[in-house]
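This report covers a two-chain model.

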Amino acid sequence: MKVYIRSSACISAQKTFGNVGFLNDIIEYNSTRLAAIEPDYKEFIDPKLIRRMSHVIKMGVAAAKECLNNGDMEMPGAIITGTAFGCMEDTVTFLTRIVEQDEELLPPTAFIQSTHNTVAAQIALMLKCHAYNNTFVHKGISFESALFDAIMLLNEAEADNILVGGTEEMIDASFKVFTRLGLYRRKPVSNLSLFATPEKGTIGSQGAGFFLLTGKSSPDNQAELTGLTTFYKPADNEDIEKRITAFLQKYLLTANDIDLVINGKNGDIKNDEIYTSLNSSLFKNNNTANYKHLSGEYSVASVFSLWLAANILKRGAVPGVILENEVKIDTPKKILIFNHYQNKYYSLMLVSAV
Amino acid sequence: MEQSVYIAGVGVISGIGNNVAEHLAAFERGEPGMADITLFKSIHQYDRPVAEVKLTDDELIAHTGLSIHNSRTALLSLVAAKEALADAGISNFKELRTGFVSANTVGGMDKSEGFFIDFLADNSKGKLKNVFDHECGSMTETVADQLGISDFMTTISTACSSSANAIFYGARLIKNDILDVVIAGGADALTKFTLNGFNTLMILDKDLCKPFDEHREGLNLGEGAGYVVLVSDKVAQMLKKPVYCTLSGYNNSNDAYHQTASSPDGTGSYLAMKKALKKSGLKPSDIDYINLHGTGTPNNDSAEGTAVKRLFQPDFPPMSSTKSFTGHTLGASGGVEAVFSVLAIRHGLIYPNLRFETQMHEVPFEPETKFQKGKDIKHVMSNSFGFGGNCTSLIFSAV
């Protein structure tokens with residue numbers, strides 16, 4: 001069966017949330033840590049609840065609600081989220097208190113909200129939604145895992161109007177640890193010249209995005225999610241190329257049928273090797289685009305890329321800022337999103353115009 | 001028509017045993033696994049009994065071949081997953097489409113806790129190996145690599161229903177013809193983080209827990225791992241020995257009442273049990289045994305009991321909480337108890353609910369208190385409910 005993206009909403013390091021145009025007012029950062037552009041949470045969440053909510057819960061709940069609003073849907077048929085690290089702020093808060101207070105007189109709130117399923121649970125609670133509710137926590141394919149579940153549910157006719165999303169927050173402690181681990185650049189860098197200066201490390205970021213998936217076709221749908229696959233530890237570049245070709249073949253397509261390839265390039269030399277290699281082989285005749293100079297890198301950054309693809313297809317416009325080569329291209333009908341996480345987990349999403 | 005998914009192997013480790021055989025023996029002896037905390041220093045060392053796996057990290061490392069940098073969660077996970085896979089005895093495993101779907105709630109927190117003490121004092125300190133690659137998904141990845149599984153893997157974390165969700169997700173991967181074999185379940189090690197977390201909620205019993213008893217005072221934490229090997233019809237036919245049973249029904253519903261507390265009438269649990277029955281095509285009277293979530297907290301047992309009453313009255317099947325033996329193994333509990341449910345069908349077992357004395361005032365039934373074997377057990381329901389209102393019921397059926 002066909003799977004459609006009825007609506008979407010995305011909170012990111014760029015102005016992507018609410019009625020803000022389509023990436024025509026780009027924010028430049030000179031840092032290795034990007035912030036999220038925060039909406040006015042009072043529009044989405046009871047102010048009494050906001051105070052107790054961590055950043056990731058607020059972002060997740062607001063993005064979920066906005067996605068439902070955009071899809072004119074009150075009650076989803078299932079809620080599925082993906083997050084690699086879950087509720088870091090509450091986890092670190094509770095851990096800090098255990099150490100500093102030597103296990104005594106600990107308030108429970110941070111612990112209660114530290115479980116990885118808190119965002120999905122809070123959405124269910126707010127909507128009084130008793131339907132299927134799941135959370136996937138598998139590193140760089142957490143969001144893809146959630147999407148995969150949603151697609152299966154639609155295929156099984158177990159649910160329709162599935163709210164599926166990815167959330168990740170960046171807190172001081174995780175930024176420091178990731179920096180020590182060498183994931184980020186050693187010196188501040190402009191995100192807009194991230195690809196001009198390939199080095200070791202990328203820029204760290206955060207965000208939350210949701211999609212309403214349906215099996216019903218409608219001219220109001222944003223796009224069709226034609227296909228999704230993930231693979232683990234491919235043998236070499238040739239193996240990756242073979243897997244991409246096989247994926248496209250499943251939908252009777254070749255690379256030449258793809259109007260735009262969105263790559264997960266993040267400015268880290270080792271990370272970007274495969275994209276550079278494919279851009280001069282399998283995708284040599286394709287228009288290619290990047291997004292992580294806008295969104296920054298985080299475990300569910302592919303949320304941004306799917307939001308981007310759905311909007312390109314719906315609006316019939318490609319923001320110039322994402323293009324690898326500054327050539328103006330026609331309105332795409334088929335977009336392939338190719339992302340990988342630390343050269344281990346790879347994902348492919350095929351998104352088509354409706 | 002949907003194809004059936006069979007259970008071809010089981011593996012388990014918990015406070016009452018390091019493998020399936022040791023668990024069966026402990027159940028028969030009626031011997032619970034709770035004792036004082038030995039795994040870490042805590043101010044609660046002697047006043048919050050826990051069911052620790054009776055192997056140190058060093059012993060688990062020697063047993064699994066993993067390294068000192070691996071979390072205890074991964075060590076426990078590998079022991080049980082390996083046992084399950086060996087039990088299934090799938091000779092052409094490498095030629096099949098295989099997957100590992102695992103669950104846990106706090107990843108490598110046991111290691112990260114140590115890192116954090118040094119890191120808090122000075123952000124440039126703390127051994128990175130004790131924090132890097134200790135997120136939930138890394139536990140799954142470590143074990144999948146050891147099992148030689150690379151076609152498909154993912155990790156589910158829905159608090160205490162995590163591994164029940166992993167099991168039925170695995171079954172759906174087979175029904176959707178994505179995989180032929182899935183090892184599914186979950187693992188969680190005891191940590192200072194969870195111990196203190198549950199303690200702040202004031203739901204840890206100072207003595208051994210008394211699930212479904214009127215005077216219950218809370219839960220005991222446990223740790224462990226439990227996995228089942230799910231196979232397609234095609235694979236089941238190639239096996240040299242009979243499968244254990246099928247996973248005939250499952251459902252995930254949300255209570256949507258409170259982040260941690262269950263609704264008084266157990267809406268989520270009721271929906272999960274009812275819809276799992278519907279999925280299996282069974283009536284409440286077909287269920288021969290319920291492995292309750294039965295944590296021993298006043299709130300859970302009251303909500304679950306009320307939901308059971310509503311769905312099953314007037315005739316209640318035998319039921320019990322095996323958490324009275326293993327403690328609450330959190331993200332592992334759905335997997336651990338799925339293994340017990342499968343074994344109940346294979347050996348005709350009813351597990352005793354230890355330390356039960358007084359019937360709860362809100363329900364007209366009592367849990368089973370005696371170990372029974374050789375019974376005719378065809379259909380077993382296993383309940384797993386968690387924070388965030390996540391409620392999941394599984395139904396296993398004899399073939």
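## Helix H3 of chain A against helix H7 of chain B

A:Phe94, A:Leu95 and A:Ile98 of H3(A) meet B:Lys192, B:Phe193, B:Asn196 and B:Gly197 of H7(B). By class, this contact holds four nonpolar, two polar and one charged residues. The model is predicted.

Helix H3 of chain A spans residues 88-100. The axes of H3(A) and H7(B) are 10 Å apart and pack at an angle of about 90°. H3(A) is therefore roughly perpendicular to H7(B), since angles of 65 to 115 degrees fall in that class.

## The chain B side of the interface

## Burial of helix H7 of chain B

How many of the nine residues of H7(B) are buried? Nine of the nine are, so H7(B) is largely enclosed by the rest of the structure. The cut-off for burial is 20 or more other C-beta atoms within 10 Å. The buried residues are B:Lys192, B:Phe193, B:Thr194, B:Leu195, B:Asn196, B:Gly197, B:Phe198, B:Asn199 and B:Thr200.

Just after H7(B), B:Met202 takes a positive phi of about 55°.

## Helices H9 and H10 of chain B

H9(B) packs on helix H10 of chain B, residues 298-312. The angle is about 40°, and the axes are 8 Å apart. The two helices are therefore oblique to each other. Their crossing is right-handed.

H9(B) brings B:Ser269, B:Tyr270, B:Met273 and B:Lys274 to the contact. H10(B) brings B:Ala303, B:Glu304, B:Ala307, B:Arg310 and B:Leu311. By class, the contact of H9(B) with H10(B) has five nonpolar, one polar and three charged residues. A general point on helix geometry applies to such lists. An α-helix has 3.6 residues a turn, so residues three or four places apart point the same way.

## B:Lys275

B:Lys275 is also found in helix H9 of chain B. Is B:Lys275 buried or partly exposed? B:Lys275 has 19 other C-beta atoms within 10 Å, so B:Lys275 is partly exposed.

Leaving aside residues up to four places away in sequence, B:Lys275 touches B:Asn251 and B:Ser253. The C-alpha atoms of B:Lys275 and B:Thr392 are separated by 9.8 Å. Along the chain, these two residues are 117 residues apart.

## Domains of chain A

The domain assignment of chain A gives domain 1 (4-214) and domain 2 (223-352). Their C-alpha centres lie 22 Å apart. The contact takes 48 residues from domain 1 of chain A and 36 residues from domain 2 of chain A.

On the domain 1 side, strand S1 (4-11), helix H6 (142-155), strand S4 (162-168) and strand S5 (207-214) of chain A each give two or more residues. H6(A) gives the largest share, six residues. By class, this side divides into 23 nonpolar, 20 polar and five charged residues.

## Domains of chain B

Chain B is assigned domain 1 (6-238) and domain 2 (247-397). The C-alpha centres of these domains lie 20 Å apart. Their contact takes 62 residues from domain 1 of chain B and 55 residues from domain 2 of chain B.

Which elements give two or more residues to the domain 1 side of chain B? The helices are H1 (20-29) and H6. The strands are S1 (6-14), S2 (50-51), S5 (181-188), S6 and S7 (224-231). H6(B) gives the largest share, eight residues. By class, the residues of this side divide into 33 nonpolar, 21 polar and eight charged.

Methods. Residues are numbered from 1 along each chain as its sequence is written. Chains are lettered from A and ligands numbered from 1 in the order in which they are written. This is a predicted model: local features need pLDDT of at least 70, side-chain atom pairs count only at pLDDT 80 or more; totals for chains, interfaces and linings use all residues. Domain bounds come from an automatic or database domain assignment. Two residues are in contact if their C-beta atoms, placed from the backbone, lie within 7 Å. Helices (H or I, at least four residues) and strands (E, at least two) are DSSP runs, numbered from the N terminus. Ala, Val, Leu, Ile, Met, Phe, Trp, Tyr, Cys and Pro count as nonpolar, Asp, Glu, Lys and Arg as charged, and the others, Gly among them, as polar. Axes are lines fitted to C-alpha atoms, for helices over the stretch in contact, and angles run from 0 to 180 degrees between N-to-C directions. Angles under 35 degrees count as roughly parallel, over 145 as roughly antiparallel, 65 to 115 as roughly perpendicular and the rest as oblique. A crossing is left-handed if the near helix is turned anticlockwise from the far one by less than a right angle, and right-handed if clockwise. A residue is buried if 20 or more other C-beta atoms lie within 10 Å of its own, exposed if 12 or fewer, and partly exposed in between; C-beta atoms are placed from the backbone.
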